[in-house]
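Please open the complex in your viewer and keep the selection panel handy. We will go from one selection to the next.

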Amino acid sequence: MKLTRRGFFKIAGATGAAAAASRSDPAAASPPPEDPYGCLVDLTRCIGCRKCEDACNRVNGLPPPERPFEDPTVLNRLRRPDERAFTVVNRYFPGQLDASNQLVPTFVKIQCMHCQEPACASACIVGALTKKENGTVHYDVTRCIGCRYCMVACPFEIPAYEYHDPITPRVMKCTFCFERISKEGGLPGCAEICPTEAITFGRRKTLLEVARKRIGENPARYLDRIYGEKEVGGTSWMYISAVPFEKLGFIDVPDKPTPKLAETIQHTLFSYLWSPIVLYGLLGGIMWTSRKNRPESEDEEGDRR
Amino acid sequence: MIKAFPPGAPARLLVVLMVLIWAVPALAAGTPEADELALDPNWKAPDQEDARERAKEVVPFIEAVVDECQLCRQQRLRDVGLGIKDITHSYFLLESPIIKQRENHYGPVRFMHTKHAAAIQDCAVCHHARPADKAAKETVRCSACHQESFRSDHPERIGLKAAYHQQCIDCHRTEAKGPVDCVGCHPKNVPDHKELVKLPANPAPWDVTAECLRCHASAGEDMLATSHWLWRGHSAYTLDRQKHVMHGKGTTAINNF
């Protein structure tokens, strides 16, 4: 086996870069929090009042909306969360009719799902996005370099970017009211204001029990599915509904955590730096054998020169 | 906004009525003049004040309730003989400190207890569970079971604010009766009318009506379609009024202003 000088540097360079990349991402290696907070959104309870949007705007100091929160025509078109609104409520008409033959609306609140194993945090090369013990997927603006890999990675297409701000743009997404819920008895702004408790705040484990209990006690009202229980490895925000989630704009995601494949490859290859050690060992072995097999005359000639 | 009435006897009746209306409070009050009494800034409606005081109370939390179906509950209430006659408070202001300590964006909702009870004729719709404690009363106020939201010791129990909203909105929807929007029940933030209202020193009743209509013209139009204008006596649904003769403002009594 012949190994050219150029080929050797190619391999060495690539290996080194990959090793460095795997170590610069400490969050991705950490396991999901054991007892995180979460929110259970009961779509059968939501009345579409958009108070959650109002409260979110207020507690996060976001810019005033283009149309007032009381304006019901806003619901006439489907929206996505953006850099000016961390959460939006959309209205769907899944086809059900009420007693007076009117279509029954279902309202869906969208925000960051705060995944147990967030793809954005895994993709973030500087550790600006981290999964906290209380369940929050937290964004640290001082670390962010604006690469927007998180926006590409997110399976729910949530993070938005302040493209209008050329000097200090930020990635904008729901904060799960990190500061508020870190305090004793603190609640996310949206959960606190919700008039019908369509948003239930609590420990994720408790919420799963509550959700199962609600479904079990009223099987005619709910579908037997908790969106977010298993999706992408589980999320802190979860939904129960009377209408199939596919009809309500929910993204069909696999149960496997999104970062699983990439992280498995990385962590398998570079745990304890075994692969570079093996590689360099192998190369050293090749060098050693090739030197040993070289005729002595060549060495002597080289010395003389 | 004087309702048209035929000349003659009713007009005379009006004069008599007006004299009565003005004379009675003056006599009852004794020394102060009638118009002085009407403008007393310290006067407060006693039932409103009573309701306001009651709204401040926080009763002990009820941990456990009897687990029974709605039909069982209905039948048991009927067996016990509980009904509209047992109502102790007919009027409530929904202004609990349990809610206000968290959020305080709207004024209190005024809840007509007896009116709702008379329309529904089924206590179990709202009083849907009884305390497990045998000694407790059969029906308790909403805030006995529903207090703070998201209690970790009772995660399945909804908070008081959600209990009100779910109960009211669900029922108003299914009955297609009653408001389902925010300001239908909650009063808006009303500006101080002391500066807005401009009246002569000794206003006649119609001066007051005209001054109100200056800004609230549409409210005046609406008023003509309400039972306040077309009232024909006690509703036949009101307890013990089933056999009363109808003689409201829509028939023989006169709307004066």
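Select the interface of chain A and chain B in this predicted model: 9 residue pairs are in polar contact there, both partners at pLDDT 80 or more. A polar contact is a pair of N or O atoms within 3.5 Å; within protein, one must be able to donate a hydrogen and the other to accept it, and residues adjacent in sequence count only if both atoms are side-chain atoms. pLDDT is the predictor's confidence in each residue, from 0 to 100.

Next, pick B:R102 and A:E192, a salt bridge whose closest N and O atoms are 2.8 Å apart. The term means a side-chain nitrogen of Lys or Arg within 4 Å of a carboxyl oxygen of Asp or Glu. Between the two chains the count is 1 salt bridge.

Now colour by buried area, the accessible area (1.4 Å probe) that two parts lose on being put together, summed over both. Chain A and chain B bury about 1600 Å², with 57% from carbon and sulfur atoms. In chain A, A:E192, A:P195 and A:E197 lose the most area to chain B, together 32% of what that side buries.

Finally, select residues 1–32 of chain B, where pLDDT stays under 50. Where pLDDT is low, the predicted coordinates should not be read in detail. Chain B averages a pLDDT of 81, and the predictor gives the complex an ipTM of 0.77.

For your selections, residues are numbered from 1 along each chain as its sequence is written, and chains are lettered from A and ligands numbered from 1 in the order in which they are written. Local features need pLDDT of at least 70, side-chain atom pairs count only at pLDDT 80 or more, and totals for chains, interfaces and linings use all residues, while side-chain values use heavy atoms, with hydrogens and water left out.

Technical notes
Contact means heavy atoms within 4.5 Å.
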